[in-house]
Amino acid sequence: MKTIGFICAIAFLLVACNQKDTVQIGKIEPSLGATNEVVVVIEDSLWKGAAGDSIRQVLAPSVGEISTTEPIFDLQQYSPDSFGREVKKSRNIILFSVNESYQFLLEKSLYATPQNFFFVREKNAAEMTKLFQSHSDSIVKTIKQTELNEIQLAIAKQPLQTTTCVKEWFAMTIKIPDEYRVKESIENELVWFQKDLASGDVNLLIYEVAIPDNHSEINQNIDDILALRDMVTGHYIYGNQPDSYVYTDPDFVPVVYLRQQKKLPAVEIRGKWAMQNDFMTGPFISLVIKDDYYGRYLFLDGFVNNSFQHKRNQLLELEAIIKSINFYE
């Protein structure tokens with residue numbers, strides 16, 4: 001019996017030694033790619049035709065609340081022949097192919113991490129396009145969440161602004177990069193953080209307003225909430241010209257998303273701001289949390305002032321900061 005056991009042990013070791021070259025030891029390589037970049041792998045002929053047009057309609061329409069023609073994602077197209085080793089490490093990849101076997105698949109961290117690697121395969125170009133369109137919402141949502149996570153991770157690794165006043169005045173914590181300075185602070189009322197840009201600035205306001213008596217469900221009172229926002233920004237957020245102040249641009253219909261933030265009902269509002277008595281304008285993102293315990297709407301209000309420049313990634317940074325909010329007892 002001992003001989004048989006010894007032989008089995010040797011056999012196991014030999015098999016293990018033969019397999020060791022196939023086992024990956026250590027960390028998978030970090031993924032590559034700029035913020036909001038998506039690699040599209042598809043035959044050049046398909047990319048230049050109707051299939052490519054359909055893909056661009058989903059992945060590269062302009063960002064609605066930004067006045068410039070920035071797409072939601074920057075697309076980098078490669079043919080299958082030029083899809084080399086380094087490109088396979090990209091953070092977001094969608095591979096299209098005409099194949100007899102139907103397949104829609106998302107592989108996570110296939111060649112690097114974090115990574116979204118989507119496979120879209122169908123028997124012809126028309127069916128392939130339909131398959132992609134049927135999953136387009138989930139593709140866009142997945143990529144956006146990954147990009148948001150990456151920005152939040154990068155923020156957490158860098159020096160952060162001291163936010164003791166935020167914690168004391170608003171019973172919350174938040175991660176704000178140190179490059180944001182406090183431009184204005186009014187005890188128990190408002191804190192205004194600002195980051196300087198070469199051609200403008202990025203701004204974050206934190207304040208709270210008492211919930212009106214007639215407000216029940218937060219998503220049923222968006223006009224009132226925007227009026228409350230305008231009341232605060234009109235009083236505190238000023239420009240360089242006399243009697244100039246920020247307000248919500250009435251010519252742009254805001255986009256509203258119902259959210260849950262740390263189990264509290266909230267709305268995310270994306271729109272455009274304008275400056276009274278000035279020509280300044282730009283996009284904003286506001287997270288408004290209904291906190292019945294304190295009887296308040298808690299506003300985390302970010303807006304970008306960067307005329308004639310790209311604003312999409314700055315808006316994403318604001319979203320990442322705003323959604324780092326946490327509450328404490």
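The model is predicted, and local features require pLDDT of at least 70, side-chain atom pairs count only at pLDDT 80 or more, and totals for chains, interfaces and linings use all residues. Residues are numbered from 1 along each chain as its sequence is written, and side-chain values use heavy atoms, with hydrogens and water left out.

The secondary structure of the protein consists of eight helices and 15 strands, where helices (H or I, at least four residues) and strands (E, at least two) are DSSP runs numbered from the N terminus. The radius of gyration of the protein is 25 Å, whereas a compact globule of 329 residues would have a value near 20 Å; the radius is taken over C-alpha atoms, and the globule rule is 2.2 Å times the number of residues to the power 0.38. The C-alpha trace spans about 85 × 60 × 40 Å along its principal axes. With contact defined as heavy atoms within 4.5 Å, 60% of the contacts between residues at least 6 apart in sequence join residues at least 24 apart.

Of the 329 residues, 44% are buried (under 20% relative accessible area, with exposed over 50% and partly exposed in between; 1.4 Å probe, protein chains only). The protein exposes about 17,700 Å², of which carbon and sulfur atoms supply 51%; accessible areas come from the Shrake-Rupley method with a 1.4 Å probe. There are 32 positive and 43 negative side chains, and the centres of the two sets lie 9 Å apart. Lys and Arg count as positive and Asp and Glu as negative, without His and the chain ends, and each charge is placed at NZ of Lys, CZ of Arg, CG of Asp or CD of Glu.

Rings of Phe, Tyr and Trp (its six-membered ring) pair if their centres lie within 6.5 Å, planes under 30 degrees apart counting as stacked, over 60 as edge-to-face and the rest as tilted. F117 is buried at 2% relative accessibility, as is F119 at 12%. W169 and F170 form an edge-to-face pair, because their ring centres are 6.4 Å apart and their planes are at 80°; both residues are buried. Ring pairs also link F83, Y111, F117 and F119 into a cluster.

E147 lies in helix α5 (residues 136-157) and is buried, with a relative accessible area of 1%. Beyond its neighbours within four places in sequence, E147 contacts A34, T35, N36, E37, R91, N92 and L316.
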